[in-house]
Amino acid sequence: MATEKTLVLIKPDSVQRGLAGRIISRFEEKGFQLCGVKLIHMDSSRAARLYEPHLGKPFYDPLVKYMTSGPIVALCLSGHNAIEQVRTLMGATNPSQAAPGSIRGDFAQRVDYNCVHGSDSAESAQRELPIFFEPGEIVDYEANYTKWV
Ligand code: DAT
Ligand code: MG
């Protein structure tokens, strides 16, 4: 499995609760590299673009309202099999079913306020990353930087 890049969003309640640093640490501790980081207050058109696959579902409107309610932290993470592994670190969509030790298992209670978003497939990562990052804003460590560690 090749190195992959994926999108993670630290959702508004997590930012407000001061969990952003601890959530970023979970990914860094596992060895994923930060290739992009932004604090953004999404407007509804950006949220609609992100959640376009969920349009029409009963939770769509509350989801967009929640995700536009305050600043989020958008991360581009890079690493081995990153898309699947980041989803594993996040835990199940419903925190009631998320394993202790996972981010949702440790920091969230409710499916509608579940702390973090992570791209669910290579196609999703390819679609979602440009919603938050211009190509020139994503760091390529291997191509552009001396390896110090
Ligand atoms: P995930 O975020 O794990 O990829 P998803 O793509 O199925 O999950 O859904 C997107 C978000 O929508 C999810 O993070 C929280 C919300 N959501 C999903 N199912 C829900 C439900 N049954 N009730 C309320 N919110 C829900
Ligand atoms: Mg999803």
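Helices in this account are DSSP runs of H or I with at least four residues, and strands are DSSP runs of E with at least two, both numbered from the N terminus. In these terms, in the predicted model described here, N114 lies in the loop that connects helix 6 with strand 4. Residues count as buried when their relative accessible area is under 20%, and N114, with a relative accessible area of 3%, is therefore buried. The side chain of N114 makes a polar contact with the side chain of K11 at 2.7 Å, and the N114 side chain also reaches the backbone oxygen of T93 at 3.1 Å. Leaving aside residues up to four places away in sequence, N114 touches K11, Y66, T93, P95, R104 and A108.

Strand 1, which covers residues 3–10, is mostly covered, with six of its eight residues buried. Eight bridges pair strand 1 with strand 3 in the antiparallel sense, and within this pairing T3 stands opposite H80 of strand 3. Strand 1 also runs antiparallel to strand 4, to which three bridges join it, and here V8 stands opposite G118 of strand 4.

Helix 5, formed by residues 82–90, has A82, I83, V86 and M90 as its buried residues. Seen down the axis of helix 5, these buried residues fall within an arc of 100°, so they line one face of the helix. The buried residues of helix 5 pack against several elements, namely strand 1, helix 2, strand 3, helix 6, strand 4 and helix 7. After helix 5 comes G91, whose phi is positive, near 90°.

In soluble globular proteins, nonpolar side chains tend to be buried together. The largest nonpolar core in the model comprises 20 residues, and those with the most contacts inside it are L9, M42, L50, M67 and F132. Two or more residues are given to this core by each of strand 1, strand 2, helix 3, helix 4, strand 3 and helix 7, and helix 4 gives the most, with five residues. When residues up to four places away in sequence are not counted, M67 touches L9, K11, P12, M42, Y51 and I72. Apart from this core lies another, of 19 residues, which includes L75, V86, M90 and V116; of these, V86 and M90 belong to the buried residues of helix 5.

Conventions. Residues are numbered from 1 along each chain as its sequence is written. Chains are lettered from A and ligands numbered from 1 in the order in which they are written. This is a predicted model: local features need pLDDT of at least 70, side-chain atom pairs count only at pLDDT 80 or more; totals for chains, interfaces and linings use all residues. Side-chain values use heavy atoms; hydrogens and water are left out. Buried means under 20% relative accessible area, exposed over 50%, partly exposed in between (1.4 Å probe, protein chains only). The arc is that of the directions from the helix axis to the C-beta atoms. Contact means heavy atoms within 4.5 Å. Two strands pair if DSSP finds at least two bridges between them. A nonpolar core is a set of buried Ala, Val, Leu, Ile, Met, Phe, Trp, Tyr and Cys residues joined through side-chain atoms within 4.5 Å. A polar contact is a pair of N or O atoms within 3.5 Å; within protein, one must be able to donate a hydrogen and the other to accept it, and residues adjacent in sequence count only if both atoms are side-chain atoms.
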